Amino acid sequence: MRQTRQPEVAVIGAGPAGLAAALAAAQAGLGDVMLIERDLELGGILPQCIHDGFGSIVFKEALTGPEYAQYFIDMVGRSNIDVLLDTMVLDLTAERKITAINSRDGVLEIEPKAVILAMGCRERTRHQILIPGFRPAGVITAGAAQRYMNIEGLIPGRSVVILGSGDIGMIMARRFTLEGAQVEGVYEAMDHPGGLTRNVVQCLQDYEIPLHLSHTVTFIHGRKRVEAVSVAEVDADFEPKMETERRIPCDTLMLSVGLIPENELSRKAGIEIDPATSGPVVDERMETSVPGIFACGNVVNVYDLVDYVTQSAEVAGAGAAEYVLQGRKREAPIRVVPGRNVKYVVPQIISDFDRDISFYFRVEHPEKAVVTRVSADGEVLSQKKAKMVRPPEMVKAKAGPDALKDGHKVSEIIVDVNAGE
């Protein structure tokens, strides 16, 4: 049996982005907001992130993941937002038609006036980075290990090698150590850590866990269970130096080798994807290339802080409400261009340069004593000094039209990083 529903806005995903977006849409005046989540509970990945460090920007205090999520879950509970749990979205069209399914209602045809995508991201696996060897038990991603330990109360192994120095990987290195496991070391192919500096210090250095930069795993040994891995240094092209290879006995290889925005639905709807972020191209309201479909959080690009996820979601929720209540026609978009030492910028386009806009970007390589700058047709809109910029740590800059001296129509915005002045 098929049911048809027509909410004003449908939010797909109820992690930190979806929760904040749904609340922002409701607070902006929408009375019929639907929140769709495939899991059995709200919160996304946050309930299994029992470490603190969340909320320093939004709440001005250090919260655990469950605490951060619960704040928004409680607000949703006090609202009139229609929550559909254990509901899988199967399809999304450019006409904003959603096909979903659950065991209570059967197949749902949902036809909202606006859609907000908040599906988050997923981890890269062994097969996506092509590690040679057998296929034994004991090869696990950092997120899966986190769920086993923090939700299920199970420890995946006792002798652990970690590949990749992403934030979750370093946090789980500490977690394994606290549970009595031996973490032989964290191996990173890049010549700099892949996560936040605070995690390098608090999770590795404080627990005397070795970090081996410019190293990778070259082979997985063991038929039924991991018995050992081979590791080696890598050259400037990330090719293993086989003369440096050595074998490390272990029963577990944990991978923390990057996250990928979850955009199968985005592609089904024909949304333009930015190859640099693997997420949708969005404007200052977080609207995608398909009118009426918005995106926020890690589905757009992988943020380093959940606070930034929340802020982007609040922009998307308000933008969707504006679209539903007022409608708008896009002007010729202004392209936002990554300049010197900038890998990518979000948003990638500006439809209406009529407000202060937060630009989030990552640098290509570490650099000390710099100035981050936002310019419009050569005119500096904002700039800020920074002691250090690193690829794992997102940089945020804010600029608005009031900084323009003559109010001219902008044709291009450039975000760049330059030597300190």
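Is Tyr 323 buried or exposed? Tyr 323 is buried, with a relative accessible area of 19%. Here buried means under 20% relative accessible area, exposed over 50%, and partly exposed in between (1.4 Å probe, protein chains only).

This is a predicted model, in which local features need pLDDT of at least 70, side-chain atom pairs count only at pLDDT 80 or more, and totals for chains, interfaces and linings use all residues. Residues are numbered from 1 along each chain as its sequence is written, and side-chain values use heavy atoms, with hydrogens and water left out.

**Figure 1. The whole protein.** The protein has eight helices and 29 strands. Helices (H or I, at least four residues) and strands (E, at least two) are DSSP runs, numbered from the N terminus. The C-alpha trace spans about 65 × 65 × 40 Å along its principal axes. A compact globule of 421 residues would have a radius of gyration near 22 Å, and the protein agrees, with 22 Å. That radius is taken over C-alpha atoms, and the globule rule is 2.2 Å times the number of residues to the power 0.38. Of the 421 residues, 54% count as buried.

**Figure 2. Tyr 323 and its helix.** Tyr 323 is found in helix 8. Tyr 323 touches Arg 96, Lys 113, Ala 114, Glu 287, Pro 291, Gly 292 and Phe 294, not counting residues up to four places away in sequence. Contact means heavy atoms within 4.5 Å. Just after helix 8, Gly 327 takes a positive phi of about 65 degrees.

**Figure 3. Helix 1 against helix 8.** Helix 1 (residues 16–27) and helix 8 (residues 306–325) pack at about 35 degrees, with axes 7 Å apart. Axes are lines fitted to C-alpha atoms, for helices over the stretch in contact, and angles run from 0 to 180 degrees between N-to-C directions. From helix 1 come Pro 16, Ala 17, Ala 20, Ala 21, Ala 24 and Ala 25; among the residues they meet in helix 8 are Val 306, Ala 313 and Gly 317. The residues of this contact divide into eleven nonpolar, two polar and one charged. Ala, Val, Leu, Ile, Met, Phe, Trp, Tyr, Cys and Pro count as nonpolar, Asp, Glu, Lys and Arg as charged, and the others, Gly among them, as polar.

**Figure 4. The buried side of helix 2.** Gly 65, Tyr 68, Ala 69, Phe 72, Met 75 and Val 76 are buried in helix 2. The buried residues of helix 2 pack against helix 1, strand 4 (82–84) and helix 8.

**Figure 5. Arg 175 in helix 5.** Arg 175 sits in helix 5 (residues 167–178). Arg 175 counts as buried, at 18% relative accessibility. Beyond neighbours within four places in sequence, Arg 175 contacts Ile 50, Met 149 and Asn 150.

**Figure 6. Backbone exceptions.** Most residues other than glycine have a negative phi, and most peptide bonds are trans. Leu 130 has a positive phi of about 60 degrees and is exposed, with a relative accessible area of 70%. Met 286 has a positive phi of about 65 degrees but is buried, at 6%. A cis peptide bond joins Val 346 and Pro 347, with omega about 5 degrees. Pro 347 lies in the loop between strand 23 (344–346) and strand 24 (349–350).
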